[in-house]
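Here's a quick briefing for anyone meeting this structure for the first time. Have a look at the sequence and the model, then follow along below.

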Amino acid sequence: MNRSFSRTLTIKDIIGNPREVKVKLEDTNISNFKLIVTDDESEMPVGVKENERIYLLGDRVKVTGDCKGFICPGINRPGMGTIVKIMKDNADHFYMILMDNNERGFAKSARITVVS
């Protein structure tokens, strides 16, 4: 948990001026999932706390398929990628992954492992 709350994020306001924001946890309708959002008025999702695992924007991840090789729509091959977007959703497909081979898609946490 220290990995997410020890960070200060610098974002740009509407005019383009940088400002620092902190993060907070927001409940979801999925048990054991909490969104990590900025504590400003936008409450932008920047991560997810799933049980004791944390996934943050910018994390490098290893992407793998299920027993049949399926990953998610848009990503056809396993490999390395980066979390580029976190979505607020009613399902567990929170993570937009941009693969090193330029494929992209929303993957489940069961398909990704944080590597750095």
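Let's start with glutamate 103: setting aside neighbours within four places in sequence, it is in contact with Gly74, Ile75, Asn76, Arg77, Ile97 and Leu98. Keep in mind that you're looking at a predicted model. Below you'll find more on that residue, then the chain as a whole, then a handful of other residues.

**Glutamate 103**

- Where does glutamate 103 sit? You'll find glutamate 103 in the loop between β9 (95-99) and β10 (104-107).
- Glutamate 103 has a relative accessibility of 11%, so it counts as buried, the cut-off being under 20%.
- Arg77, one of the residues it touches, also shows up in a polar pairing: a polar atom of the glutamate 103 side chain lies 3.4 Å from the backbone nitrogen of arginine 77.

**The chain as a whole**

- What is the chain built from? It has one helix and eleven strands, and along the sequence they run α-β-β-β-β-β-β-β-β-β-β-β.
- For 116 residues, a compact globule would have a radius of gyration near 13 Å, and the 15 Å of this chain agrees with that.
- Taken along the principal axes, the C-alpha atoms fill a box of roughly 45 × 30 × 25 Å.
- How much of the chain is buried? Of the 116 residues, 35% count as buried.
- The chain exposes about 6900 Å², and 51% of that comes from carbon and sulfur atoms.
- Among contacts with a separation of 6 or more, 40% are between residues 24 or more positions apart.
- On the charge side, there are 18 positive and 16 negative side chains, and the centres of the two sets lie 5 Å apart.

**Two residues with a positive phi**

- Glutamate 43 isn't a glycine, yet it has a positive phi of about 45°.
- Glutamate 43 belongs to the loop between β4 (33-38) and β5 (45-50), and with 26% relative accessibility it counts as partly exposed.
- Asparagine 51 isn't a glycine either, and its phi is positive too, at about 55°.
- Look for asparagine 51 in the loop between β5 and β6 (53-56); it is partly exposed, at 39% relative accessibility.

**Arginine 111 and isoleucine 112**

- Arginine 111 is in the loop between β10 and β11 (112-114), while isoleucine 112 is in strand β11 itself.
- Is arginine 111 buried or exposed? At 17% relative accessibility, arginine 111 counts as buried, and isoleucine 112 is buried as well, with a relative accessible area of 3%.
- Arginine 111 and threonine 64 are 47 residues apart in sequence, but their C-alpha atoms are 5.2 Å apart in space.
- Not counting residues up to four places away in sequence, arginine 111 touches Lys62, Val63, Thr64, Gly65, Asp66, Phe70 and Ile71.
- With that sequence rule applied again, isoleucine 112 touches Tyr55, Val61, Lys62, Val63, Ile83, Tyr95, Ile97 and Ala107.
- Lys62 and Val63 turn up in both of those contact lists.
- Isoleucine 112 and glutamate 52 are 60 residues apart along the chain, with 15 Å between their C-alpha atoms.

**Asparagine 29**

- Asparagine 29 is placed in the loop between β3 (23-27) and β4.
- Why does asparagine 29 count as exposed? Its relative accessibility is 56%, and the cut-off for exposed is over 50%.
- Which residues does asparagine 29 contact, leaving aside its neighbours within four places in sequence? They are Asp89 and Asn90.
- Asparagine 90 is 61 residues away from asparagine 29 along the chain, and their C-alpha atoms are separated by 6.8 Å.

**Valine 37**

- Valine 37 is in strand β4, and it is buried, with a relative accessible area of 0%.
- Leaving out residues up to four places away in sequence, valine 37 touches Lys22, Val23, Lys24, Glu26, Glu43, Met44, Pro45, Val46 and Lys88.
- One of those partners, Glu43, is the residue with the positive phi of about 45° described above.
- Glycine 47 is ten residues from valine 37 along the chain, and 6.9 Å separates their C-alpha atoms.

Note on methods:
Residues are numbered from 1 along each chain as its sequence is written. This is a predicted model: local features need pLDDT of at least 70, side-chain atom pairs count only at pLDDT 80 or more; totals for chains, interfaces and linings use all residues. Side-chain values use heavy atoms; hydrogens and water are left out. Helices (H or I, at least four residues) and strands (E, at least two) are DSSP runs, numbered from the N terminus. The radius of gyration is taken over C-alpha atoms; the globule rule is 2.2 Å times the number of residues to the power 0.38. Buried means under 20% relative accessible area, exposed over 50%, partly exposed in between (1.4 Å probe, protein chains only). Contact means heavy atoms within 4.5 Å. Accessible areas come from the Shrake-Rupley method with a 1.4 Å probe; for residues, only the protein chains shown count as cover. Lys and Arg count as positive and Asp and Glu as negative; His and the chain ends are not counted. The place of a charge is taken as NZ of Lys, CZ of Arg, CG of Asp or CD of Glu. A polar contact is a pair of N or O atoms within 3.5 Å; within protein, one must be able to donate a hydrogen and the other to accept it, and residues adjacent in sequence count only if both atoms are side-chain atoms.
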